[in-house]
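Student: I am new to this structure. Could we go through it in questions and answers?

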Amino acid sequence: MNGPLTKFLLNHPSVLAFLSALALFTVFVTIGSEAFGYGFVSTSFVKTLGKTLCFCLIAIAMDLVWGYCGILSLGHFAFFGLGGYMIGMWLMYERTRLIVVEATQNAQIPMTNQEIQDAIGTQIFGVVGGSEFPAIWIFSHSLWIQLALVVLVPGLLALVFGWLAFRSRVTGVYLSILTQAMTLALALYLFQNDSGLRGNNGLSGLQNLPNLEETPQSVISMWFFWASALALGLGYLIVKLIVESKLGNVIRGIRDDEARVRFLGYNVEIYKLFVFTLTAVIAAIAGALYYPQAGIINPAEIAPIASIYLAVWVAIGGRGRLYGAVIGAAVVSLLSSWFTGGQAPDISLGFYTVKWVDWWLVLLGISFVAVTLYAPKGIGGLFDKFSKGDNQ
């Protein structure tokens, strides 16, 4: 087989190496899982690994928009959260509907469809003092429409925001501030009870898949782990195809010298808009896979600090290197789970006890400063000498 994809993989061995490593990792976790293997990898850790793969996917999106195109977006976690909300609406609606229908099966007088709908609304929105479905839930009964909205809603938001920002030629730190302001505005709106998404309570119980009540969480966690691994592999391949194409050359040119690219006759705003929108969609897909594994989503997940963490992951891993973004997200995410989960032992200094739950963010900040000053290529830069021309 000498198709274009095969030729591409042969010309870029690092991509084949990454996909092979991801496949081997997936097989190893499957063999070690409680559901399909020997059980030395717990279900909770499988969920942690699945969520980490989702973080790696959004890190790839961040690396494309920042590391390759030069747009430091501090709002991509907003798209990540929106993807989670879109799929979460269907999960919560369908799960609640099944509970209501099951509870009324033995009733002497069957409930009408409207009564069932009212009961579902009361169950979902009673926590915020409501019972009627907001207009944004109009398609929550349809899995396929909500899956489409996972892509359409964040993509449309990115398209409109990007068009307004790029046509005004907002660049640099001003653009970063605008993306952060967009994220903050969205988070503050979602915190309101009348936003239609249950305010600060968010959407919960997302780990309970409808019609699969008898399926153990160990099996469901593996399904999502496989889906996350597949999405990461496809996302890496697609983005790599982009950055190694003529389009990728233009994108890097915009990063390095936007004025010159514009002088050469390229419509810089269109290229920026394409990258910004594409990466928003990738981030949304990652969020749609992440939150059913987390089980809950609320507006705090969309707070601007989350997008700042994302930039830190990519910087530590090495921006402008796709594998660097993956390494940075994986390392920081897993270390964060270890330090903040109480697994890291406290260190007694006699006069003071270092509790990593309190000091993790300080350690992360120090690591970011150290990498910026002494290793600007990040962790991924360590692999450059082995790449032999396969520039990531």
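Tutor: Helix 8 is largely enclosed by the rest of the structure, because 19 of its 27 residues are buried. Buried means under 20% relative accessible area, exposed over 50% and partly exposed in between (1.4 Å probe, protein chains only). Helices (H or I, at least four residues) and strands (E, at least two) are DSSP runs, numbered from the N terminus. This is a predicted model, in which local features need pLDDT of at least 70 and side-chain atom pairs count only at pLDDT 80 or more, while totals for chains, interfaces and linings use all residues. Residues are numbered from 1 along each chain as its sequence is written, and side-chain values use heavy atoms, with hydrogens and water left out.

Student: How far does helix 8 reach from its first C-alpha to its last?

Tutor: Helix 8 covers residues 217-243, which is 27 residues. The expected span is 1.5 Å times one less than the number of residues.

Student: Which residues is L232 in contact with, leaving aside its neighbours within four places in sequence?

Tutor: Contact means heavy atoms within 4.5 Å. L232 is among the residues that touch the most other members of the core. With those sequence neighbours left aside, its contacts are F18, L22, L53, C56, L57, I60 and V326.

Student: Which helix supplies the largest share of the lining of the largest cavity?

Tutor: On a 1 Å grid over the protein atoms alone, a cavity is a set of points where a 1.4 Å probe fits but cannot get out, and lining residues have an atom within 4 Å of a point. The largest cavity holds about 50 Å³ of space, where grid points are joined across faces, edges and corners and a volume is the space filled by probe spheres set on the points. Its lining consists of K47, Q207, Q217, I220, S221, F224, P292 and Q293. The largest share, 4 residues, comes from helix 8.

Student: How many charged residues are in the lining of the second largest cavity?

Tutor: This cavity has a volume of about 30 Å³ and is lined by F166, R169, V170, T171, E258, R262, E269 and K272. Ala, Val, Leu, Ile, Met, Phe, Trp, Tyr, Cys and Pro count as nonpolar, Asp, Glu, Lys and Arg as charged, and the others, Gly among them, as polar. By these classes the lining has 2 nonpolar residues, 1 polar residue and, as charged residues, 5.

Student: Is N211 buried or exposed?

Tutor: N211 is in the loop between strand 1 and helix 8, and its phi is positive, near 65°, although N211 is not a glycine. E94, in helix 4 (residues 76-103), is in contact with P210 and N211, leaving aside neighbours within four places in sequence. E94 is buried, with a relative accessible area of 8%. N211 has 56% relative accessibility, so it counts as exposed.

How values were computed: A nonpolar core is a set of buried Ala, Val, Leu, Ile, Met, Phe, Trp, Tyr and Cys residues joined through side-chain atoms within 4.5 Å. On a 1 Å grid over the protein atoms alone, a cavity is a set of points where a 1.4 Å probe fits but cannot get out, and a pocket is an open set with protein on both sides within 12 Å along at least five of seven lines; lining residues have an atom within 4 Å of a point.
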